[in-house]
Amino acid sequence: MKKWASTARRSLPSLNFLLLLIVAWEAASRIAGTPLYRLPPPSTIWQALIAGAPLLLIHTRATLSAAGAGLSLAVIVALTLAVIMDRWAWLNRALYPLLIISQTVPIIALAPLLLILFGLGLTSKIAVVTLVCFFPLAVNLMDGLAQVDPEAVDLLRVMQASPAMIFRSVQLPSILPYFFSGLKIAVTYSVMGAVIGEWLGARAGLGVFMIRSMRSFKTDSLFAAILVVVIVSLVLFKLTELAAWAAMPWNRVKLNNQQEE
Amino acid sequence: MAEPNARLLLEDVSTTYLSDSLRLPVLDKVSLRVGEGEFVSLLGPSGSGKSTLLKIAAGLLKPDAGRIFLNGAEVSGRAAKVGYMPQQDLLFPWKTLLQNGALPLLAAGAGKKEARSRVSELLPVFGLEGFEGYYPRQLSGGMRQRAALLRTVLIESGLMLLDEPFAALDALTREKLQEWLLGILSRFKRSVLFVTHSIDEAIYLSDRVYMISDRPGKIVQELSIELPRPRSRTVVTAPRFMAYKELLMGSLDLH
Ligand SMILES: Nc1ncnc2c1ncn2[C@@H]1O[C@H](COP(=O)(O)OP(=O)(O)O)[C@@H](O)[C@H]1O
Ligand SMILES: [Mg+2]
């Protein structure tokens with residue numbers, strides 16, 4: 001677990017800076033005495049977080065299920081699209097511009113439409129999350145598939161391997177690094193997407209919690225919810241890095257024991 | 001038609017690469033033959049179309065003209081089951097030595113356990129015992145080539161197509177592996193078409209050598225090597241070896 005020690009050492013400067021910022025913020029808001037509903041000091045936010053914890057937990061769970069389900073769907077959609085578009089060049093030419101266009105439409109404008117289409121429940125949130133998450137995944141997966149060595153495929157064809165075996169032994173492992181690059185972006189998008197979806201209308205979720213806090217001028221609760229979003233996103237991001245580490249053991253073998261004849 | 005005892009027969013194979021609007025003629029009416037148990041080298045300068053010819057022989061590439069027979073049957077449009085070893089060792093970096101070696105067996109429908117034990121049996125023969133759990137980038141160049149050869153031998157076929165397997169190695173390792181390859185072949189009894197751009201390597205290893213010209217590749221010479229087997233390293237100083245070498249160098253200058 002040397003890796004974790006070095007990660008901790010590397011993030012120390014940014015942690016220090018964060019600490020400094022929090023202290024400065026606390027001091028400034030005490031000295032200036034700004035009204036709480038404008039910018040509450042960190043200590044007040046912390047209290048709101050503790051006091052609201054049971055409620056926040058319920059809403060976090062709702063947000064996480066929307067993010068998780070949407071992300072899973074996005075992975076399936078992106079993988080299918082990437083494989084199809086890699087296989088048939090004309091489909092690639094036809095679909096690629098559409099993919100980019102789909103990303104230029106502001107999600108804020110699209111989300112209400114999805115809400116009308118799928119209702120206030122989980123489905124509309126999943127749709128928003130899928131929409132924002134599939135793009136970084138698909139683009140990375142397509143890049144990965146384009147990098148696959150055709151000679152490696154030839155070699156397996158000579159061995160008379162089945163197409164399924166060729167995909168499993170060549171394409172799948174070669175796109176893993178690309179997949180995880182995309183996934184790192186997608187997981188952070190997924191929480192944000194879920195919150196936006198909830199913001200525009202839902203029964204539960206951190207987005208709903210935020211709106212309610214705002215409407216009742218509980219700025220400290222709003223900030224507590226933001227804090228939860230940040231922490232959840234960071235944890236998901238770290239989990240993705242961990243999964244990448246676990247999924248590609250060949251990337252972390254030591255080379256210092258290289259063998260000579 | 002195909003001779004009954006030919007492992008591989010190419011008849012007037014020509015091919016041209018088309019990239020954009022450019023036509024690049026690569027092979028020009030190449031005919032060659034690898035008999036049962038024979039070690040045949042294809043010798044030629046880089047860029048003469050040797051790798052292309054191997055791909056055609058393996059059924060991975062369709063030539064513009066000509067016919068290919070493997071074990072008497074015509075190869076047509078689909079990958080043939082031959083011991084093809086591409087120019088780069090092409091061990092998969094995400095698989096251990098054992099898993100790489102097991103690929104041909106798994107492709108042929110063997111179970112995981114059976115494949116494992118068959119590869120493990122061969123590891124000592126290839127000087128790779130104890131390294132089954134290593135990933136390719138942990139192995140030296142010579143070990144990687146031996147691992148790739150192990151994988152090639154496990155493709156169930158009487159014919160091996162080897163594309164410059166030793167070209168990337170240092171001279172010493174290279175000579176060691178040439179000798180070792182001859183030993184391996186006397187054990188596994190395969191016919192071989194061996195691509196190289198080294199005259200010494202071709203003479204030392206082969207029963208017969210085809211010399212291919214600069215692009216577009218044409219066979220400019222065919223030479224039977226009559227040196228006794230088993231061959232030791234000292235054969236390279238024999239007068240006959242020198243004579244062959246002179247002959248091949250001569251035809252290289254001419255074309
Ligand atoms: N897929 C390809 N498309 C276009 N040209 C190619 C392709 N593969 C090889 N060539 C060209 O064909 C010629 C012969 O290549 P190759 O068969 O690899 O030669 P060799 O193995 O003898 O070095 C080279 O000039 C090379 O650049
Ligand atoms: Mg070549």
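**Between the chains, and around the ligand**

Analyst: Across the interface of chain B and chain A, six residue pairs are in polar contact, with both residues at pLDDT 80 or more. Keep in mind that this is a predicted model.

User: Okay, and how many salt bridges are there across that interface?
Analyst: One salt bridge turns up there. Lys55(B) pairs with Glu151(A), and their closest N and O atoms are 3.1 Å apart.

User: How much area is buried between the two chains?
Analyst: About 2,800 Å², with carbon and sulfur atoms giving 61% of that. On the chain B side, Trp94(B), Arg137(B) and Gln138(B) lose the most area to chain A, together 26% of what that side buries.

User: And how many residues are in contact?
Analyst: 35 residues of chain B are in contact with 28 of chain A.

User: Switching topic: which residues are around ligand 1?
Analyst: Among them are Tyr17(B), Pro45(B), Lys50(B), Ser51(B) and Arg215(B). By class, the shell has four nonpolar, six polar and two charged residues.

User: Which element gives the largest share of that shell?
Analyst: Helix 1 of chain B, with three residues.

User: What about Ser51(B), how far is its polar side-chain atom from the ligand's oxygen?
Analyst: 2.8 Å. Ser48(B) has a backbone N or O atom 3.2 Å from an oxygen atom of ligand 1, while a nitrogen atom of the ligand is 3.4 Å from a side-chain N or O atom of Tyr17(B).

User: How much of the ligand's area does the protein cover?
Analyst: 63% of the 560 Å² of accessible area that ligand 1 has on its own.

Definitions and conventions:
Residues are numbered from 1 along each chain as its sequence is written. Chains are lettered from A and ligands numbered from 1 in the order in which they are written. This is a predicted model: local features need pLDDT of at least 70, side-chain atom pairs count only at pLDDT 80 or more; totals for chains, interfaces and linings use all residues. Side-chain values use heavy atoms; hydrogens and water are left out. A residue is near a molecule or strand if one of its heavy atoms lies within 4 Å of it. A polar contact is a pair of N or O atoms within 3.5 Å; within protein, one must be able to donate a hydrogen and the other to accept it, and residues adjacent in sequence count only if both atoms are side-chain atoms. Accessible areas come from the Shrake-Rupley method with a 1.4 Å probe; for residues, only the protein chains shown count as cover. Helices (H or I, at least four residues) and strands (E, at least two) are DSSP runs, numbered from the N terminus. Ala, Val, Leu, Ile, Met, Phe, Trp, Tyr, Cys and Pro count as nonpolar, Asp, Glu, Lys and Arg as charged, and the others, Gly among them, as polar. Contact means heavy atoms within 4.5 Å. Buried area is the accessible area (1.4 Å probe) that two parts lose on being put together, summed over both. A salt bridge is a side-chain nitrogen of Lys or Arg within 4 Å of a carboxyl oxygen of Asp or Glu.
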